[in-house]
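I opened this notebook to keep a record of what I looked up in one protein chain, element by element. The entries follow the order in which I went through them.

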Amino acid sequence: STGIVRGQRTTPMEANTAGTLYFITERDPFGDPSGSYVKIGLVRENDTGRSSLDRLLEHQTGNPRILVVAESLATTAPISELETSVHQHLARHRVCGEWFRAGGEGIRPFVAVAEAIRRELEHLHTHSTELETLAATKDTGEELLPDSEAKDMHHEMVGVVLAIKERKQQLDRVALELQSLGGTEASDIDGICGHRYTKAGRRFDSSGFAQAYPDLLAELGSSRIKSRFSLREAPKLTPSDDMALLKELCAAQTIAGSEPLKLARSSRAEALHADWIELYSDLQPLKQKEDLLEARMKLLCGSSAAVKGICSWKRTTIRTISQKELLPNYQELVDTFMVPTAPRWSFKVNPWRPYRF
């Protein structure tokens, strides 16, 4: 785990909605220095009658400085994906939430980053309808022979996947170093990292139910296409011995009271946090490149199951059943297959710095 603190989740409908990315800056009415802060947010296309100006007016309330929409970028790609990608790429400049601190060049580099990401996402989005159709159809089982284009694409994809795995491993290592600063006791560091507690719960064992009651699965369950893409000859990384020792140390940490120990920030912790944010930022363009290459490889597969030596895209029909499909008629059976989940603590790193840097 890279220990990333995630933002609010969007619904499937919101995730696929086009819209506008806006850049709001500040101007002091008396000419005093107002800082070089910029807010990068979104307005979805389905926010009827709303615009970047409406967002500005909402944020202007209670702010003595004059807010200005300095730039707006409309896109046909999913706007939430554009916003998330831009925020990640600019993580090293993030102050808090959607506010970032610009440098001497102002917001121009930020807008350039957003423009580049928008072009990539819109390019990817042009394939979305065709890919959705293919993903909803069972593959033929056929394996195609690769041409030179497929081989070049595979070579590029291997390099991108290797770079992603290397950075994720480095992220894990830095997160473990931060986690280990508390020694034998699990610790939170102000503004940098901390632990989250998940309460015990219960989940429905759908696979166990399906095996025990195949007739009910056939009668009440639903069919869907399960899609699985994989790269042939994908690169692998082996963790170092010292990373394994860090994992052991962190796994053995205990919580003395009801909450983890609170630690003040140190220069060591801040340096590790800066390293982590740099790696996190570097992941964004690599992941976007991987997504585009994967889409192109899926188009190469088409209705077939694989391209020999390049990739496979298996699409098989499976039947599943959920609580919703069984209730209320089979409440007692559902209760039988409710499995308890244990409470747990998870460690997360803050993807921005809410302190001076």
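The entries below go from the whole chain to single helices, strands and residues.

**Basis.** I am working with a predicted model, in which local features need pLDDT of at least 70 and side-chain atom pairs count only at pLDDT 80 or more, while totals for chains, interfaces and linings use all residues. Residues are numbered from 1 along each chain as its sequence is written, and side-chain values use heavy atoms, with hydrogens and water left out.

**Whole chain.** I looked up the secondary structure and found 12 helices and 15 strands in the chain; helices (H or I, at least four residues) and strands (E, at least two) are DSSP runs, numbered from the N terminus. Of the 357 residues, 40% count as buried, where buried means under 20% relative accessible area, exposed over 50% and partly exposed in between, with a 1.4 Å probe and protein chains only. Taking contact as heavy atoms within 4.5 Å, I noted that among contacts between residues at least 6 apart in sequence, 85% join residues at least 24 apart.

Strand 2 (residues 37-44) is mostly covered, with seven of its eight residues buried. Strand 1 (residues 19-27) runs antiparallel to strand 2 and is joined to it by seven bridges, and Thr25 has Val38 in strand 2 as its bridge partner. Strand 2 is also joined to strand 5 (residues 99-101), again antiparallel, by three bridges; here Lys39 has Trp99 in strand 5 as its bridge partner. The criterion for pairing is that DSSP finds at least two bridges between two strands. I then checked Val68, which lies in strand 3 (residues 66-75) and is partly exposed, with a relative accessible area of 26%. The C-alpha atoms of Val68 and Glu26 are separated by 6.1 Å, although these residues are 42 apart along the chain.

**Helix 3 against helix 10.** The axes of helix 3 (residues 79-89) and helix 10 come within 7 Å and cross at roughly 140 degrees. Axes are lines fitted to C-alpha atoms, for helices over the stretch in contact, and angles run from 0 to 180 degrees between N-to-C directions. Helix 3 and helix 10 are therefore oblique to each other, since angles under 35 degrees count as roughly parallel, over 145 as roughly antiparallel, 65 to 115 as roughly perpendicular and the rest as oblique. Ser85, Gln88 and His89 of helix 3 make the contact with Tyr280, Ser281, Leu283, Gln284, Pro285 and Gln288 of helix 10.

**Helix 5.** Which residues of helix 5 (residues 128-135) are buried? They are Ser128, Leu131 and Leu134, and seen down the axis of helix 5 these buried residues fall within an arc of 130 degrees, so they line one face of the helix; the arc is that of the directions from the helix axis to the C-beta atoms. An α-helix has 3.6 residues a turn, so residues three or four places apart point the same way. On the other side of helix 5, Thr129, Glu132 and Thr133 are exposed. The buried residues pack against helix 4 (108-125), helix 10 (267-301) and strand 13 (311-320).

I traced an open sheet of four strands with the order 6-12-13-10 and mixed pairing. Its edge strands, each pairing on one side only, are strand 6 (143-144) and strand 10 (222-231). Strand 12 (residues 306-307) and strand 13 pair in the antiparallel sense over two bridges, and Ala306 has Ser312 in strand 13 as its bridge partner. Helix 5 packs on the sheet, touching strand 10 and strand 13, and its direction makes about 55 degrees with that of strand 13. Helix 6 also packs on the sheet, touching strand 10 and strand 12, with its direction at about 85 degrees to that of strand 10.

**His154 and Glu233.** His154 is placed in helix 6 (residues 148-180) and counts as buried at 10% relative accessibility. Leaving out residues up to four places away in sequence, I found that His154 touches Leu231, Arg232, Glu233, Met297, Gly309 and Ile310. Glu233 itself sits in the loop between strand 10 and helix 9 (241-251) and is exposed, with a relative accessible area of 67%. Glu233 has a positive phi of about 55 degrees although it is not a glycine.

**Pro328.** The peptide bond from Leu327 to Pro328 is cis, with omega near 5 degrees. Pro328 is found in the loop between helix 11 (323-326) and helix 12 (331-336). Most residues other than glycine have a negative phi, and most peptide bonds are trans.
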